[in-house]
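Please read it with the structure open beside the text.

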Amino acid sequence: MKRVVISGVGAVSPLGGDVPSLVGGIEEGKSAVRYMEGWDRYVGLRSLVAAPAELKNEKAIPRKSRRSMGRMSVFAVQATEQALADAEVGREVLSSDRIGCIIGSTMGSAESLCEAFETMLPERDLSKLTAMKFFQCVSHTAAMNVAQYLGITGYVMATSAACASSLQAIGAGYDLVRMGKQDLVLCGGSEELHPTVTASFDILFATSTGYNDDPQRTPRPFDAERDGLVVGEGCGMVVLEEYERALERGAKTYGEIIGYHTGGSGDHVTQSNRESIVRCIGAALSSAGISAAEVDYINAHGTATRHGDEVEAQAIREVFGDAVPVSSLKGYFGHTLGASGALELIASLAMMEKGVIYPTLNLETVDEGCKGIRHVMRPLRSEIGVLMKNCFAFGGINAALVCRRLER
Amino acid sequence: MQRRLAEQEVVATINEVLEDYFEIEREKLLPEMNIFEDLELDSLDIVDLVVAMQEKFGVRIRDDERIRSIRTLGDIYQFVLALQEEGFSGRP
């Protein structure tokens with residue numbers, strides 16, 4: 001098996017349009033959560049807070065490429081271009097068949113889907129639909145648009161597993177490079193905020209509804225006063241590259257991926273399942289060939305739902321006890337769903353580089369049910385040699401990735 | 001059509017669609033321009049151009065065979081003017 005390193009990162013997040021603004025925002029303890037004007041016109045929508053990202057400079061993408069892109073695909077193109085520039089990989093090498101692109105998301109552009117239905121359904125009239133709506137709405141819209149725009153001719157895939165989408169994308173890319181099927185894969189996830197997206201969680205009683213007047217205090221992962229998740233949006237992209245190739249061209253490396261696993265709970269569509277999470281984490285550690293004691297930091301899924309956080313804390317306690325520092329980043333920029341795995345991994349890699357663990361924002365009083373693990377509640381100076389990133393999605397889909405710092 | 005438009009109004013409306021939706025520079029909007037070679041539209045753009053024209057002129061032209069023979073911007077102007085001559089007097 002080949003070794004796989006991360007040689008570039010790119011991000012569009014609620015904290016800003018690049019990686020420095022994402023990491024800097026976290027470092028400063030900023031919250032990108034705000035009250036959403038106009039959302040109160042949706043009858044029955046109780047959660048009126050979200051973490052929007054700013055759509056800007058989209059016209060830098062030529063019209064013919066941009067016409068098939070919804071908001072989430074523009075984010076994906078921008079994050080991918082950043083990651084390529086960061087990795088110093090030129091566009092001229094992308095059409096080699098050995099370079100691929102895997103971008104996950106829960107679904108296609110929510111805004112475009114709504115527009116398509118609003119156009120078509122009132123009069124059951126298809127003649128008003130534009131040709132481009134389809135390409136904005138499909139589940140592989142981000143992967144397809146990025147690949148078309150950049151001329152990628154290797155593997156092009158879209159992992160669609162809700163909140164585990166981008167971690168699955170990175171895991172799939174890791175497997176392709178490891179097995180020698182691709183030399184370099186652009187991996188990540190993209191997601192788009194829309195009231196209908198928040199609504200899909202709201203009707204399941206999974207959203208934060210009690211902080212509409214005080215948005216910066218939610219979400220509150222693992223906190224006694226948490227009341228649900230807050231939806232965010234954006235895109236995180238990483239460049240996965242075969243180790244020798246990266247070494248040969250003198251690429252900088254953010255870390256080496258050494259383990260990954262994903263698996264279903266086979267139990268319930270929304271309720272997290274402790275045993276299956278424990279199994280997933282165990283399988284990821286085992287694929288990395290390390291013990292739980294060798295992990296220095298866990299970047300939790302930690303969405304701030306009552307049930308999810310408790311089960312995650314129990315699972316982490318079962319595997320790691322209270323030895324390993326744990327934090328969730330969702331207090332800073334909400335739950336970016338299909339993008340969360342990649343965005344939070346990028347922030348975690350920055351922690352690894354800086355030797356500091358960023359705390360869980362809004363965690364003030366650890367909930368009784370979430371105790372027994374080592375919560376990071378203020379910035380913690382700590383060398384991170386190995387980190388684990390976890391994602392647990394609706395549909396009972398778990399994913400865990402293990403990364404190791406590479407000595408320069 | 002909502003009401004009979006003067007030729008200049010038809011031209012201005014079509015040009016506005018090409019400028020706003022297809023981001024074509026105003027200077028290029030001349031009747032002799034080939035919409036594929038000069039204005040760089042493709043078959044997908046034509047679908048969206050038809051949707052935009054249906055909206056702007058209140059006509060239903062998606063299945064009109066004459067669309068297939070359109071080559072220049074002038075052909076589009078003439079096509080809409082011809083539709084007008086045929087007496088599209090209200091929203092279909």
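1. For chain B the average pLDDT is 89, and 91% of its residues score at least 70. Where pLDDT is low, the predicted coordinates should not be read in detail.

2. Chain A is assigned two stretches as domains, with domain 1 covering 4-248 and domain 2 covering 257-404. Between the C-alpha centres of domain 1 of chain A and domain 2 of chain A the separation is 20 Å, and the contact involves 61 residues of domain 1 of chain A together with 53 residues of domain 2 of chain A.

3. On the side of domain 1 of chain A that touches domain 2 of chain A, the elements giving two or more residues are the strands β1 (4-12), β6 (184-191) and β7 (234-242) and the helices α1 (19-27) and α7 (165-178) of chain A. The most is given by α7(A), which supplies 7 residues. Sorted by class, the residues on this side of domain 1 of chain A comprise 33 nonpolar, 20 polar and 8 charged.

4. As for the two chains, 6 residues of chain A are in contact with 9 residues of chain B. The side of chain A that touches chain B is made up of 2 nonpolar, 2 polar and 2 charged residues.

Note on methods: Residues numbered from 1 in each chain as written. Chains lettered and ligands numbered in written order. Predicted model: local features only at pLDDT ≥ 70, side-chain atom pairs only at ≥ 80, totals over all residues. pLDDT = per-residue confidence, 0-100. Domains from an automatic or database assignment. Contact = placed C-beta atoms within 7 Å. Helix = DSSP H or I, 4+ residues; strand = E, 2+ residues; numbered from the N terminus. Nonpolar A, V, L, I, M, F, W, Y, C, P; charged D, E, K, R; others polar.
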